[in-house]
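Welcome! Please take a moment with the sequence and the model, and then let us walk through them together.

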Amino acid sequence: MMTEFALWILIAVSSQGTFAPTKLDEFKDQRACLDLKREYEALNTTGTKYRCAPATVIKR
């Protein structure tokens with residue numbers, strides 16, 4: 001059985017617990033998600049952490 005991720009989401013996570021995890025955007029592939037994650041991290045001045053996570057899993 002093969003696991004495939006059909007949808008990825010970019011999530012902002014507070015490093016100080018000041019806000020709940022927040023969905024920022026959706027992507028069809030992990031690479032696009034990681035590219036935007038790197039852009040957010042480069043501009044980050046607040047200590048916010050960013051994560052790419054699978055939102056939809058397809059098992060074949």
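## A proline to start with

At 38% relative accessibility, proline 54 counts as partly exposed, because that class lies between buried, under 20% relative accessible area, and exposed, over 50% (1.4 Å probe, protein chains only). Proline 54 has its place in strand 3. Along the sequence, proline 54 and glutamate 26 are 28 residues apart, while their C-alpha atoms are 9.7 Å apart in space.

This is a predicted model, in which local features need pLDDT of at least 70 and side-chain atom pairs count only at pLDDT 80 or more, while totals for chains, interfaces and linings use all residues. Residues are numbered from 1 along each chain as its sequence is written, and side-chain values use heavy atoms, with hydrogens and water left out.

## The overall layout

Helices (H or I, at least four residues) and strands (E, at least two) are DSSP runs, numbered from the N terminus. Along the principal axes, the C-alpha atoms fill a box of roughly 40 × 20 × 15 Å.

Of the 60 residues, 23% count as buried. Contact here means heavy atoms within 4.5 Å; among contacts between residues at least 6 apart in sequence, 58% join residues at least 24 apart.

## Surface and charge

The protein exposes about 4400 Å², with carbon and sulfur atoms supplying 53% of it. Such areas come from the Shrake-Rupley method with a 1.4 Å probe, and for residues only the protein chains shown count as cover.

There are 9 positive and 7 negative side chains, and the centres of the two sets lie 6 Å apart. Lys and Arg count as positive and Asp and Glu as negative, with His and the chain ends not counted; each charge is placed at NZ of Lys, CZ of Arg, CG of Asp or CD of Glu.

## The nonpolar core

Which residues make up the largest nonpolar core? Its eight members are Trp8, Leu10, Ala12, Phe27, Cys33, Leu36, Tyr50 and Cys52. A nonpolar core is a set of buried Ala, Val, Leu, Ile, Met, Phe, Trp, Tyr and Cys residues joined through side-chain atoms within 4.5 Å. Strand 1 (3–13), helix 1 and strand 3 each supply at least two residues of this core, and the largest share, three residues, comes from strand 1.

Leucine 36 touches Leu10, Asp25 and Phe27, leaving out residues up to four places away in sequence. Lysine 37 lies in helix 1 and counts as buried at 19% relative accessibility. Beyond its neighbours within four places in sequence, lysine 37 is in contact with Leu10, Tyr50, Arg51 and Cys52.

## A pair of aromatic rings

The structure holds one aromatic pair. The rings of tyrosine 40 and tyrosine 50 have centres 5.1 Å apart and planes at 40°, so the pair is tilted. The pair links distant parts of the chain, 10 residues apart: tyrosine 40 is in helix 1 (residues 30–43) and tyrosine 50 in strand 3 (residues 49–59). Rings of Phe, Tyr and Trp (its six-membered ring) pair if their centres lie within 6.5 Å; planes under 30 degrees apart count as stacked, over 60 as edge-to-face and the rest as tilted.

Are these tyrosines buried or exposed? Tyrosine 40 is partly exposed, at 31% relative accessibility, whereas tyrosine 50 is buried, with a relative accessible area of 9%.

## Valine 13 and its contacts

Valine 13 lies in strand 1 and counts as partly exposed, at 27% relative accessibility. Valine 13 and lysine 49 are 36 residues apart along the chain, and their C-alpha atoms are separated by 5.1 Å. Setting aside neighbours within four places in sequence, valine 13 is in contact with Phe19, Thr48, Lys49 and Arg51.
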